[in-house]
Amino acid sequence: MNQYWKDYQGDDESFWEHEWDKHGTCISTLEPGCYDNYSPQQEVVAYFQKAVDLFKTLDSYSFLAAKGITPSFTTIYSSASIMEALAAPRGVEVTIRCRNGELDEIWYFYNVRGSVDTGEFVPTQPDGAKSNCPADVKYLPKTGTPPSTTVTSSTGTPPTGTPTPGAPFSGRGTLPVTSGGKTNGCIISGGTWYTTGTCATYTATAS
């Protein structure tokens, strides 16, 4: 658990208590007679051990990377491609949840054949809450900070004035985004930065 079940705020103990209080009831309601040689709180150990064992079979990062989907501060992925990549290794769909347009949670579903403690967990289709992600989402790295970005003018009718990144311009053209010294996408309608798709054409007048 110290490796696989971490609290993003650093308070592991409180996080584990919350998980047991909220989710552990599915196993805490088992009769002691369901165990061989039951000892007090044995179900607590069984719950966390089963959760960790299942988690270790769900390498979400590798599932996504196998389809060319890797964490990025700049790349935008479609929700459909993410769900398809996550479903491929298991043969059943998943539910993804987003916060502020960013991939936040992945829900895997199982039916249990036999006891919750010792039975077989069989992958199954989602049941209950559905994915709430928009059509296009960000899949951000867990650590680090976004690179600084500047907007420069390009293509179309060459704008007049200085070409210095971030400087005012006049004329008509598109607005590529420069990140880390490289052009990486462009501004689309509404001022949104995308790495793929058709760039919006802007007309500007020098003030």
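Modeller: Gladly! Let's start with N2, which sits in the segment before α1. Helices (H or I, at least four residues) and strands (E, at least two) are DSSP runs, numbered from the N terminus. This is a predicted model, where local features need pLDDT of at least 70, side-chain atom pairs count only at pLDDT 80 or more, and totals for chains, interfaces and linings use all residues. Residues are numbered from 1 along each chain as its sequence is written, and side-chain values use heavy atoms, with hydrogens and water left out.

Biologist: Is N2 buried or exposed?

Modeller: Buried means under 20% relative accessible area, exposed means over 50%, and partly exposed lies in between (1.4 Å probe, protein chains only). N2 has a relative accessible area of 60%, so N2 is exposed. In sequence N2 and D12 are ten residues apart, and their C-alpha atoms are 8.1 Å apart in space.

Biologist: How many helices and strands are in the protein?

Modeller: The protein has five helices and twelve strands. Of its 207 residues, 29% count as buried.

Biologist: How do I describe two helices that pack together?

Modeller: Two packed helices are described by the angle between their axes and the distance between the axes. Here, axes are lines fitted to C-alpha atoms, for helices over the stretch in contact, and angles run from 0 to 180 degrees between N-to-C directions. Take helix α1 (residues 12-23) and helix α3 (residues 42-55): they pack at about 100°, with axes 11 Å apart. That angle makes α1 roughly perpendicular to α3. The wording follows cut-offs: under 35 degrees is roughly parallel, over 145 roughly antiparallel, 65 to 115 roughly perpendicular, and the rest oblique.

Biologist: Which residues make the contact of α1 and α3?

Modeller: Contact means heavy atoms within 4.5 Å. From α1 come W16, E19, W20 and H23, and from α3 come E43, V44, Y47 and F48. By class, this contact has five nonpolar, one polar and two charged residues. Ala, Val, Leu, Ile, Met, Phe, Trp, Tyr, Cys and Pro count as nonpolar, Asp, Glu, Lys and Arg as charged, and the others, Gly among them, as polar.

Biologist: Which residues of helix α5 are buried?

Modeller: In α5 (residues 79-87), the buried residues are S79, I82, A85, L86 and A87. An α-helix has 3.6 residues a turn, so residues three or four places apart point the same way. The buried residues of α5 pack against α4 (60-65), β1 (76-78), β2, β3 and β6.

Biologist: What about strands? How do I see which ones pair?

Modeller: Two strands pair if DSSP finds at least two bridges between them. Strands β2 and β3 (residues 102-107) pair in the antiparallel sense over five bridges, and R99 has E102 in β3 as its bridge partner. Strand β4 (residues 110-113) and β5 are also antiparallel, over four bridges, with V112 opposite F121 in β5.

Biologist: What happens in the turns of these hairpins?

Modeller: Look at the phi angles. The hairpin of β2 and β3 has two residues between the strands, and N100 there takes a positive phi near 55°. N100 is a residue other than glycine, and at 74% relative accessibility N100 counts as exposed. Between β4 and β5 there are six residues, and G114 in the turn has a positive phi of about 105°. Another positive phi in a residue other than glycine, near 70°, belongs to Q41, in the loop between α2 (25-28) and α3.

Biologist: Where is T95, and what are its surroundings?

Modeller: T95 is in strand β2 (residues 95-99). With a relative accessible area of 2%, T95 is buried. Leaving aside neighbours within four places in sequence, T95 is in contact with residues including E105, W107, F109 and P126.

Biologist: How many disulfides does a search of the whole structure find?

Modeller: A disulfide is a pair of cysteine sulfur atoms within 2.5 Å. The search finds one, formed by C98 and C133 with their sulfur atoms 1.9 Å apart. The pair links distant parts of the chain: C98 is in strand β2 and C133 in the loop between β5 (120-123) and β6 (136-138), 35 residues apart. C98 is buried at 13% relative accessible area, and C133 is buried at 16%.
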